[in-house]
Amino acid sequence: ALRLSYLQNGGNDQLILVQLHDLLAEALQLEQRVKHPKIQRKERNYRERDTFKRNLDSELISLEVENQRLEEEILKLQLKRQRNCRSQKPLKTSIGQRLMLS
């Protein structure tokens, strides 16, 4: 219900969606433990590996988001540098004088 409410209200942050998914999975695991206190060792190990994989996936998404943010910042800095270089190049006038653009 929380995920659906988030999406209906315009939420689209992938990291938050992954965290909501993890919370749901964890809640389901807790409910299963209450219903079936004796979980076989093999099944428990599988669930632990699955949780570990989901944690790695959410870390990867976090890194991808941060990487994208940094790439955008680098691009903005490069564009700013190009604009500054263009604006500081001297211009020659017809009488040979140089003017600096500011």
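Predicted model: local features only at pLDDT ≥ 70, side-chain atom pairs only at ≥ 80, totals over all residues.
User: In which element of the chain is confidence highest?

Analyst: The chain averages a pLDDT of 76, and 75% of the residues score at least 70. Confidence is lowest in strand 2 (residues 98-100), where the mean is 52. At the other end, with a mean of 83, stands helix 2.

User: What percentage of the residues of the chain count as buried?

Analyst: The accessible surface of the chain comes to about 9,500 Å², and 55% of this surface belongs to carbon and sulfur atoms. A residue counts as buried under 20% relative accessible area. Of the 102 residues of the chain, the share that counts as buried is 10%.

User: What share of the contacts in the chain with a separation of 6 or more comes from residues 24 or more positions apart?

Analyst: A contact requires heavy atoms within 4.5 Å. Among the contacts in the chain with a separation of 6 or more, residues 24 or more positions apart account for 27%.

User: Is D22 buried or exposed?

Analyst: D22 is placed in helix 2, which spans residues 14-35. Leaving aside neighbours within four places in sequence, D22 is in contact with R54, N55 and S58. The relative accessibility of D22 is 15%, and the limit for burial is under 20%. D22 therefore counts as buried.

User: Which residues does S58 contact, leaving aside its neighbours within four places in sequence?

Analyst: S58 lies in helix 3, residues 41-87. With a relative accessibility of 13%, S58 counts as buried. Once neighbours within four places in sequence are left aside, the contacts of S58 are L15, V18 and D22.

User: What distance separates the C-alpha atoms of S58 and Q14?

Analyst: S58 belongs to helix 3. Along the chain, S58 and Q14 are 44 residues apart.

User: Why does Q29 count as buried?

Analyst: Q29 has its place in helix 2. Leaving aside neighbours within four places in sequence, Q29 is in contact with R47 and T51. The cut-off for burial is under 20% relative accessible area. Q29 is buried because its relative accessible area is 18%.

User: How far apart in space are Q29 and R47, C-alpha to C-alpha?

Analyst: R47 is one of the residues in contact with Q29 when neighbours within four places in sequence are left aside. The two residues, Q29 and R47, are 18 residues apart in sequence. From C-alpha to C-alpha, their distance in space is 8.8 Å.

User: What is the distance between the closest N and O atoms in the salt bridge of E66 with R69?

Analyst: Side chains of opposite charge can pair when their charged atoms come close. E66 and R69 are separated by about one helical turn, because they are three residues apart in helix 3. E66 is partly exposed at 36% relative accessibility, and R69 is partly exposed at 41%. In their salt bridge, the closest N and O atoms are apart by 2.7 Å.

Conventions. Residues numbered from 1 in each chain as written. Heavy atoms only, no water. Helix = DSSP H or I, 4+ residues; strand = E, 2+ residues; numbered from the N terminus. Buried < 20%, exposed > 50% of the residue type's maximum accessible area, 1.4 Å probe, protein only. pLDDT = per-residue confidence, 0-100. Areas by Shrake-Rupley, 256 points an atom, 1.4 Å probe, with all protein chains shown as cover. Salt bridge = Lys/Arg side-chain N within 4 Å of Asp/Glu carboxyl O.
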